[in-house]
Amino acid sequence: MTSLRVTRRQLIQAVGGVSLLALLGCNQREQNTQQEQTMTTLYTFGDSILDCGRYNEFGVHPGQLLVQNDDRLFPEFQGQDLTSHGSARLEHRAVDGATVAGLPTQAQGLRVEGKAIALITVGGNDLLRGLMQDTGPGIATFANALDTFVQHLPIRPVLLGNVYDPTLGDDRLNFSGIEPAIARKNLQRINTAIQEIANRYGKLVDLHAHFLKGDLSWFTATIEPSLRGASEVRRAFLPHVIGE
């Protein structure tokens with residue numbers, strides 16, 4: 001049997017190699033930790049204003065464009081996104097058709113590490129499902145539910161978008177079957193509630209005012225953001241997102 005003899009030089013070299021590997025592994029872990037800490041994660045919660053990819057042929061929605069613009073579709077916004085300012089990723093949780101009651105489900109399993117920004121759009125479907133003609137406590141109940149969600153959301157800053165008017169203020173485009181004066185009053189009430197909650201916990205993004213400057217090409221399926229509309233939602237959020 002051949003005897004195994006390890007010289008002192010070989011032992012030192014072996015130990016040194018192990019130490020070097022350990023050091024390299026430690027450095028890699030530190031780099032990964034630093035990357036996680038400098039990474040900005042954009043979270044989307046709410047309804048089809050943020051989850052409108054199915055309404056255009058490119059599957060584009062505002063959160064994607066805020067993290068990384070599609071320069072081919074929107075050359076105007078080249079360099080105006082989070083990835084142009086550092087590492088960024090999207091965690092898209094908004095769901096087409098959602099109401100305020102569905103927000104807690106969207107936040108299930110949420111783990112927030114490093115820098116984070118939350119976008120929330122909700123209220124349009126609540127209006128369509130009854131609050132457009134509310135004369136009782138319905139909008140106050142909506143406001144309480146949204147306040148509770150935002151208060152306990154472990155992400156700051158929070159950017160809340162209010163509800164736009166797909167008729168662009170033109171009563172001739174009324175699609176609801178509800179007297180326009182009543183519908184507009186309750187739209188204003190729900191947007192006032194969103195404004196108050198934004199003032200408490202974050203910032204308001206005034207989609208309502210921005211979309212009143214637009215035209216019908218910003219919409220598809222009557223009320224949903226079109227491809228242009230998705231970019232216009234992005235436009236409204238952009239200065240708040242980049243400025244954070």
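Q: Why is leucine 168 counted as partly exposed in this model?
A: In this predicted model, leucine 168 has a relative accessibility of 21%. Buried requires a value under 20% and exposed one over 50%, so the 21% of leucine 168 falls in between and the residue counts as partly exposed. Leucine 168 belongs to the loop between strand 4 and helix 6, and its phi is positive, at about 55 degrees, although the residue is not a glycine.

Q: Where is the other residue with a positive phi of about 75 degrees, threonine 222, placed?
A: Threonine 222 sits in the loop between strand 6 (219–220) and strand 7 (224–225). Like any residue noted in this way, threonine 222 is not a glycine.

Q: What makes arginine 93 count as buried or exposed?
A: The relative accessibility of arginine 93 is 15%, and the limit for buried is under 20%, so arginine 93 counts as buried. Arginine 93 is found in the loop between strand 2 and helix 3 (103–106). Leaving aside residues up to four places away in sequence, arginine 93 touches Tyr43, Thr44, Phe45, Gln106, Ala107, Gln108, Gly109 and Leu110.

Q: What makes the approach of the arginine 93 side chain to the backbone oxygen of glutamine 108 a polar contact?
A: The side chain of arginine 93 comes to 3.0 Å from that backbone oxygen of glutamine 108. The limit for a pair of N or O atoms is 3.5 Å, with one atom able to donate a hydrogen and the other to accept it, and the 3.0 Å pair therefore lies within the cut-off.

Q: How do you know which strands stand at the edges of the sheet?
A: The open sheet has 5 strands in the order 2-1-3-4-5, and their pairing is parallel. Strand 2 (88–92) and strand 5 (203–205) each have a single partner strand, so one side of each is left without a neighbour in the sheet, and these two are the edges. From one strand to the next, the twist averages 25 degrees.

Q: What makes strand 1 and strand 2 a pair, and how many bridges join strand 1 to strand 3?
A: Two strands pair if there are at least two bridges between them; strand 1 (residues 40–46) and strand 2 have 5 in the parallel sense, and therefore they qualify. In that pairing leucine 42 stands opposite leucine 90 of strand 2. Strand 1 and strand 3, which run parallel, are joined by 7 bridges, and glycine 46 has threonine 121 as its bridge partner in strand 3. Strand 3 and strand 4 pair over 4 bridges, again in the parallel sense, with leucine 119 opposite leucine 159 in strand 4.

Q: Which residues have the most contacts inside the largest nonpolar core?
A: They are Phe45, Ile120, Leu146, Val150, Leu153 and Leu160, in a core of 32 residues. Strand 1, strand 3, helix 5, strand 4 and helix 6 (180–201) each give two or more residues to this core, and the largest share, 7 residues, comes from helix 6. Apart from this core lies another, of 26 residues, among them Leu50, Leu65, Val233 and Ala236.

Q: How do you know where confidence in the model is under 50?
A: Over residues 31–36 the pLDDT stays under 50, and the model has 2 contacts beyond four places in sequence for this stretch. For the protein chain the mean pLDDT is 90, and 85% of the residues reach 70 or more.

Terms used
Residues numbered from 1 in each chain as written. Predicted model: local features only at pLDDT ≥ 70, side-chain atom pairs only at ≥ 80, totals over all residues. Heavy atoms only, no water. Axes fitted to C-alpha atoms, helices over the stretch in contact; angles between N-to-C directions. pLDDT = per-residue confidence, 0-100. Contact = heavy atoms within 4.5 Å. Core = buried A, V, L, I, M, F, W, Y, C linked by side-chain atoms within 4.5 Å. Buried < 20%, exposed > 50% of the residue type's maximum accessible area, 1.4 Å probe, protein only.
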